[in-house]
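Let's take a friendly walk through a protein model, one feature at a time. Keep the picture open as you read.

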Amino acid sequence: MSELRQDPTTREWVILAPERAKRPKQQPKKRRAEELPDWDESCPFCPGNESQTPPEVFRLPISGQWQVRVIPNQFAALALNGDITKREVNPLFRKRAGTGVHEVIIETPSHNTTMALMAYQQVEKILIAYQKRYNTLKKNRQLKFITIFKNHGWASGTSLVHPHSQLVGTPVPATYYHQKFNVAMDYYYDFGRCLYCDLLAEELEKGERIVAETRRFVVLHPYASRVPWETWIIPKKHYASYDMFPATHLAELAMVLKDTLLCLYRGLDNPAFNYIIDTSTTEDEEDPCYHWHIRIVPRLTTIAGFEIGSGIYITTALPEETASLMKQVASSLPEGECLSFRQKA
């Protein structure tokens, strides 16, 4: 039986239709990370090929062989070479210079070590690089919003297989985030509390969509998931911005993020996915209304005509069921894996 659910964080409606998962479809052949070489002479992100990319803007460690490297995107969507004050104010056809920042975070020297299979310490270095670049770029007052995201697998929109993430700084936040911020603000003014803090407390009390709980984080499948196996990682303590999250806690976040991706990797056979760090604007980093989190969106289905036409997503799995399946995957992994899920909160 299908049902409509409303996302409390956006007020958008989602259709949950598990029967649609039975439709016949052809599955494209996927390549697992283990099937790729550790180094590819044609890959611009592999060590030794640094001359094929723009000069780096950040690296870890600072000297010696790099383990994480950040470079400007050679095919950037936006660049800091336009006049941000120049705009057309026609009420119907607005336009402004394509000013902004677009960077690539090369996550590892290894061509085939996807984040799900990395050491915890390597994932921590990636998270540190995210935060360092965010801290640097937010000082540019032209950038009002900074999006950090990862595309994995061809269905996610990636163009290179070497593990990497991206960062885009824009002079305006997207309409989607305007909506999320407005909903959070309305809730705060109505009840005097953070929507996400209340949502987290309610989810923990119910327990049916919780995948894991650690000392500082909760992993869950949201009530109105837009796609099957959509997964959120939410810090228990309120921080509006990823930038404000204590760097000393990134080691635990690295464990939780790696373990969550490992469960998806094992449970769904290395699916394509996108993940996004949902954070506040650079001007509202201490916003009491909003609460940063990581949103992981597996690409198991295709966005089709109904979704494009109506704006209503159809998902073919109940989050209560997928959360239970993901816990089963975690419990079936060898004792030395998925360590954060095994620790008591």
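Phe145 and Phe181 are both buried, where buried means under 20% relative accessible area, exposed means over 50%, and partly exposed lies in between (1.4 Å probe, protein chains only). Before going further, note that this is a predicted model: local features need pLDDT of at least 70, side-chain atom pairs count only at pLDDT 80 or more, and totals for chains, interfaces and linings use all residues. Residues are numbered from 1 along each chain as its sequence is written, and side-chain values use heavy atoms, leaving out hydrogens and water.

## Aromatic pairs

The structure holds 13 aromatic pairs. Rings of Phe, Tyr and Trp (its six-membered ring) pair if their centres lie within 6.5 Å; planes under 30 degrees apart count as stacked, over 60 as edge-to-face and the rest as tilted. Phe145 and Phe181 form an edge-to-face pair, with 6.2 Å from centre to centre and 70 degrees between the planes. This pair links distant parts of the chain, since Phe145 is in strand β8 (residues 145–152) and Phe181 is in helix α2, 36 residues apart. Helices (H or I, at least four residues) and strands (E, at least two) are DSSP runs, numbered from the N terminus. Ring pairs also link Phe145, Tyr176, Tyr177, Phe181, Tyr196 and Tyr290 into a cluster.

How are the rings of Phe217 and Phe245 arranged? Their centres are 5.6 Å apart and their planes are at 55 degrees, so the pair is tilted. Phe217 belongs to strand β11 and Phe245 to the loop between β12 and α4 (250–267), 28 residues apart. Phe217 counts as buried because its relative accessibility is 0%, and Phe245 counts as buried at 3%.

Now find helix α2 (residues 175–191) and helix α3 (residues 195–206): their axes come within 9 Å and cross at roughly 80 degrees. That makes α2 roughly perpendicular to α3. Angles under 35 degrees count as roughly parallel, over 145 as roughly antiparallel, 65 to 115 as roughly perpendicular and the rest as oblique. Axes are lines fitted to C-alpha atoms, for helices over the stretch in contact, and angles run from 0 to 180 degrees between N-to-C directions.

Which residues meet here? Lys180, Val183, Ala184 and Tyr187 in α2 touch Leu195, Tyr196 and Asp198 in α3, contact meaning heavy atoms within 4.5 Å. These residues divide into 5 nonpolar, no polar and 2 charged. Here Ala, Val, Leu, Ile, Met, Phe, Trp, Tyr, Cys and Pro count as nonpolar, Asp, Glu, Lys and Arg as charged, and the others, Gly among them, as polar.

## The sheet

An open sheet is built from 10 strands in the order β3-β4-β7-β9-β8-β13-β14-β12-β11-β10, with antiparallel pairing. Two strands pair if DSSP finds at least two bridges between them. At the edges stand β3 (58–60) and β10 (210–213), each with a single partner strand, so one side of each has no neighbour in the sheet. On average, neighbouring strands are turned by 15 degrees against each other, direction ignored.

Strand β11 (residues 217–220) is joined to strand β12 (residues 231–235) by 4 bridges, and the two run antiparallel. Val219 has Ile233 in β12 as its bridge partner. Helix α6 (residues 319–332) packs on the sheet, touching β10 and β12, and its direction makes about 45 degrees with that of β10.
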